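The structure comes next, and the details follow it.

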Amino acid sequence: MGNSAGRSDFEWVYTDQPHTQRRKEMLAKYPAIKALMRPDPRLKWAVTGLVLAQLLACWLVRGLAWRWLLFWAYAFGGCVNHSLTLAIHDISHNAAFGTGRAAHNRWFAVFANLPMGVPYAASFKKYHVDHHRYLGGDGLDVDVPTRLEGWLFCTPARKLLWLALQPFFYSLRPLVVHPKAVTRMEVFNALVQLAADATIFALWGLKPVVYLLASSLLGLGLHPISGHFVAEHYMFLKGHETYSYYGPLNWITFNVGYHVEHHDFPSIPGCNLPLVRKIAPEYYDHLPQHLSWVKVLWDFVFEDSLGPYARVKRVCKVAEDGL
């Protein structure tokens, strides 16, 4: 194992991303899919329940020993906070209140952000648009690792460390790959988050704040749900740059596993993505799919052909124009 047999560069392609053409074909063949482009009426209630669950957990952990606090941060809080990041993902596509009330979606995402301990929602939305518009775009899609990551994290031990540090890479990579000006919404997100953290600290002390931060760091790091980070776009099979997973973890992740379907139709909320596959099975059933996010993580660590370099990249027109 190691870099002697691993990749030394990304998989460069000179074609457009496949989802744009697939979307056109499918809408022409199945116009009923357009009816699925509507808000998820249950999303706001699910998010509210998750936020309240973490608030209750903050009260419960205030007297726990540190080892048990970290245990529950991984086993329970990590699942909840990771689920909330995926709710924020859906909300970034206006799935909570619809495109006609975009501001409501932005504010609600800040509310969903509260148990994470650090501001995230506004910055995520700012960059996630580019991930869909310029999938794999060099210098545009910040979901793709940097060359430094590809070169450095090339052995099983290093890839394991890279997986554990995913929250840091996802936070810092945009500042290197495609820095953008700070928006007023990001400032608002940060101020609300700081106020929430300060309130929890004032009410119950340090341990609940550490619990929330640990829930985010552990839940988004080396955690079974984090398999979706790798499963979605890392090239497990040459010629395929997006993969779906149809297993039970979709129940607590807002169907993020239906990822080919999501990139085909970003405006369809997670709750309706299984219906896309049901309407147009011939577009999905033959594609390679993942059966286990845990196995995805295992294969990523121990297969020489997989690593941060195992991503499809392309030079998009906007990048060429310097815009």
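## Length of helix α1

How far apart are the end C-alpha atoms of helix α1 (residues 18-29)? They lie 17 Å apart, in agreement with the 16 Å that its 12 residues should span at 1.5 Å a residue, taking 1.5 Å times one less than the number of residues. Helices are DSSP runs (H or I, at least four residues), numbered from the N terminus.

The model is predicted: local features need pLDDT of at least 70, side-chain atom pairs count only at pLDDT 80 or more, and totals for chains, interfaces and linings use all residues. Residues are numbered from 1 along each chain as its sequence is written, and side-chain values use heavy atoms, with hydrogens and water left out.

H19, R22, M26 and L27 are the buried residues of α1 (under 20% relative accessible area, 1.4 Å probe, protein chains only). They are on the same side of α1, because their arc around the axis is only 125°, judged by the directions from the helix axis to the C-beta atoms. Their cover includes α12 (259-264) and α13 (273-279).

K24 and A28, on the other side of α1, are exposed (over 50%).

## Residue Q54

Helix α2 (residues 43-61) contains Q54. Q54 has a relative accessible area of 1% and is therefore buried. Leaving out residues up to four places away in sequence, Q54 touches F76, G77, V80, N81, P115, Y211, L212 and S215, where contact means heavy atoms within 4.5 Å.

Technical notes:
Helix = DSSP H or I, 4+ residues; strand = E, 2+ residues; numbered from the N terminus.
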